[in-house]
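Let me put the structure up, and then we'll walk through a few spots together.

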Amino acid sequence: MSGIAPSRLANLWDDARAVGMTEPERLVYRSNILGSDKRVTNYGGGNTSSKIMERDPLTGEQVEVLWVKGSGGDSASIGLDGFATLYMDKLRALKGLYRGVGHEDEMVGYLPHATFNLNPRAASIDTPLHAFVPRPYVDHMHPDAIIAIAASKHSRALTQAIFGDEIGWLPWKRPGFELGLWLEKFCLENPDAGGVILESHGLFTWGDTPKQCYETTISTINRAIAWFEEKSGDRSAFGGQAVDPLAPAERRAIAARLMPRIRGLISGERKKLGHYDDSSAVLEFVSSKDLRPLAALGTSCPDHFLRTKIRPLVIDFDPANPDVDAVVAGLEAATAAYRADYAAYYQRCKHPDSPAIRDANAVVYLMPGVGMFTFALDKATARISGEFYVNAINVMRGASAVSTYRGLPEQEAFDIEYWLLEEAKLQCLPKPRSLAGHIALVTGGAGGIGRATAARLLTEGACVVLADIDEAALAAANGELGKRFGKDFVRPVKFDVTKEGEVISGFAETAVEFGGIDILVSNAGLASSAPIEETSLELWNRNMDILATGYFLVSREAFKLFGAQKIGGNVVFVASKNGLAASPNAAAYCTAKAAEIHLARCLALEGAEAQIRVNVVNPDAVLRGSKIWTGEWKEQRAAAYKLSTDNLEEHYRQRSMLKRSVFPEDIAEAIYFLASEMSAKSTGNIINVDAGNAQSFTR
Ligand code: NAD
């Protein structure tokens, strides 16, 4: 069957590695190898546990301790500190306090009382599910192949047909104390079963050794995969293809147009980041005959819809007669209709004590022939939401090939989405950083000031596109910043600011990678020095091309994207003290920098009505980190002042009024100020960061 990978999962258990490990280390090992394959479990989904004898720090006695994956984190990368540890005898004693299913949520409040060894990792809602399975090693995974069975109308019969009595089946039940008791009962009544499929949810497996538990998990999933392959044969998925997918370049061009518009329509108080996916699994689904009916059923596994919302928004589009303008024009009504639907769902399902309605916008947008856009408050969540919807597509493909796919009943979905315990988690989230959800493009991003600026904006939570012509420096900057701030946050785009076509495609790339743009830092530049008689036309034009025309071209594209989004915008030009103060032997550079500054003023005027602010930072003598100051320019300047190049920094420091050196980070700080809400009431302004230079006073 396509989609669910035909090849089986490999057994990754390595006795030679596992033998020297402590029990907790073996639990980490088991979790990591399980999580390393997304066919075993989705990102952050599922959990693992071991019941381990430990020395009690209070009594010195040996006690049984449940090590279970705590709240948050992902099995693939989890370490020892990702596990909660709880006294098993105390967990068992909780049964005496249990007042029944109507009160199961209160049991979560008791879990911290069972903490072993002051472990600060919070125990998750799934803790009782692991605690009450009377076996020492337990895996709970969300494999697509198993959920395809779990989300089928005939899920129970399919489970029996595939696994006989080896793997049992339990009807849908929200995770919690009651489900823990159900699992315990099942195990006691079926001592030979190796696991159980939970309807609409996932898989529990167990064993008497970690290896046995792991191997049961892998072999159970492999049996499901093999069964699907056999049953579905060559049958075409999702009722067959309805439309031909567009060519890759056309798809991306449409994504570049649509994503900023969608982003603008769904970014309320907090801005959203976008992610685009046109993988073959997605294209097959969005181009199929059953797209609409299946999408309307919603996702099934709670993990899936907590990330994707219960339903996606399907965009009306016929790739055979592609009228993108009509789609763009219709997006406002389509997003409003989705919000109205969501509000109606909230009204239908809410309880008297339900939390207030949350953001009613869709997370997942499906477009026939084009692919899937996902939006969230940060890039990683947008990407992961897309991955989850691909899991849901795989599940729908499997379930509808062998049975009828069923989403979770609406009320159950609502009860999970608006679970008070989930709400409590949301309330505990840290305050977002000042530029969270913002997208910045920094030209000359591989240079000294550009890189420092990117780092400053990334520190505040922005996603940054580094644009530069220097490919090697771009790769280095991208590598370093990606490592420091996370790969989701940084993208390199090679373009020359003087080339119209390259600039246009660079901004389109930005729109596809992140969904739009909020901040343009126009900073690419050079320095040149020559007396007027020796200033060649080529040198003059180079300054004008990069510093005036280049700034115009990138600003124009940014304004177009701001215009599509309609949520304001922010431009910061990195000009120079020399744009205000004349310098000897640098007419071309000074004049181009002056043009830059005046362009900023004009754009501030033009952009104000649309809440687009345009400001300027004027650096001076930033020697450290700057490539400008490594070549000829440094030598020419040193020669002009009759100094050795080594003494130049000190010369500039002494020349400044404050007698201080200026660093790339100082320029970056001023850029951040102008790019942030701290300067919300400023436009058309100039900040000099030059350690004081009376010649460049602005008034
Ligand atoms: P830098 O040379 O380290 O960085 C400039 C970057 O711009 C380089 O990575 C370069 O590859 C890139 N670039 C050049 N031409 C380009 C083009 N056509 N398209 C795309 N990218 C291009 O220099 P820096 O000191 O970081 O300078 C950044 C800005 O600050 C420049 O505009 C410069 O004029 C201005 N400035 C610098 C100083 C200083 O003392 N360093 C002083 C005043 C103004």
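So, start with helix H9, residues 248–266, and helix H19, residues 500–514: their axes come within 8 Å and cross at roughly 70 degrees. Helices here are DSSP runs of H or I with at least four residues, strands are runs of E with at least two, and both are numbered from the N terminus. The axes are lines fitted to C-alpha atoms, for helices over the stretch in contact, with angles between N-to-C directions running from 0 to 180 degrees. H9 and H19 therefore come out as roughly perpendicular. For the cut-offs, under 35 degrees is roughly parallel, over 145 is roughly antiparallel, 65 to 115 is roughly perpendicular, and the rest is oblique.

Before I go on, a word on what you're looking at. This is a predicted model, where local features need pLDDT of at least 70 and side-chain atom pairs count only at pLDDT 80 or more, while totals for chains, interfaces and linings use all residues. Residues are numbered from 1 along each chain as its sequence is written, and side-chain values use heavy atoms, with hydrogens and water left out.

Back to that crossing. Which residues in H9 and H19 meet? On the H9 side we have Arg252, Ala255, Ala256, Met259 and Pro260, and they meet Ala508, Glu509, Ala511, Val512 and Glu513 in H19. Contact means heavy atoms within 4.5 Å. By class, that H9 and H19 contact has seven nonpolar, no polar and three charged residues. The nonpolar class is Ala, Val, Leu, Ile, Met, Phe, Trp, Tyr, Cys and Pro; charged is Asp, Glu, Lys and Arg; the others, Gly among them, are polar.

H19 has 15 residues and reaches 21 Å from first C-alpha to last, close to the 21 Å expected at 1.5 Å a residue. That expected span is 1.5 Å times one less than the number of residues. Its buried residues are Val503, Gly506, Phe507, Thr510, Ala511, Val512, Glu513 and Phe514. By buried I mean under 20% relative accessible area; exposed is over 50%, and partly exposed is in between, using a 1.4 Å probe and protein chains only. Just after H19, Gly515 takes a positive phi of about 110 degrees.

Next pair: helix H13, residues 324–349, and helix H15, residues 410–417. Their axes come within 10 Å and cross at roughly 95 degrees, and H13 and H15 are therefore roughly perpendicular too. H13 brings Tyr342, Tyr345, Tyr346, Arg348 and Cys349, and H15 brings Glu410, Gln411, Ala413, Phe414 and Glu417. The tally for H13 with H15 is six nonpolar, one polar and three charged residues.

Cys187 is buried at 7% relative accessible area, and Cys349 counts as buried at 3%.

Now helix H2, residues 23–35. H2 has 13 residues, and ten of the 13 are buried. Those buried residues pack against helix H1 (15–18), strands S1 (47–55), S2 (62–69), S3 (83–87) and S4 (137–141), and helix H8 (210–232). One to click on is Ser31, which lies in H2 and is buried at 0% relative accessible area. Leaving aside neighbours within four places in sequence, Ser31 is in contact with Thr48, Ser75, Ala76, Ile78 and Phe83.

Leu366 is buried, with a relative accessible area of 0%. The C-alpha atoms of Leu366 and Ile315 are 6.0 Å apart, though the two residues sit 51 residues apart along the chain.

Last bit, backbone angles. Ala621, in the loop between strand S17 (612–619) and helix H22 (632–640), has phi near 50 degrees, positive in a residue other than glycine. Lys659 also has a positive phi, near 55 degrees, and lies in the loop between helix H23 (648–655) and helix H24 (664–675). Buried or partly exposed, for these two? Ala621 is buried at 16% relative accessible area, whereas Lys659 counts as partly exposed at 39%.
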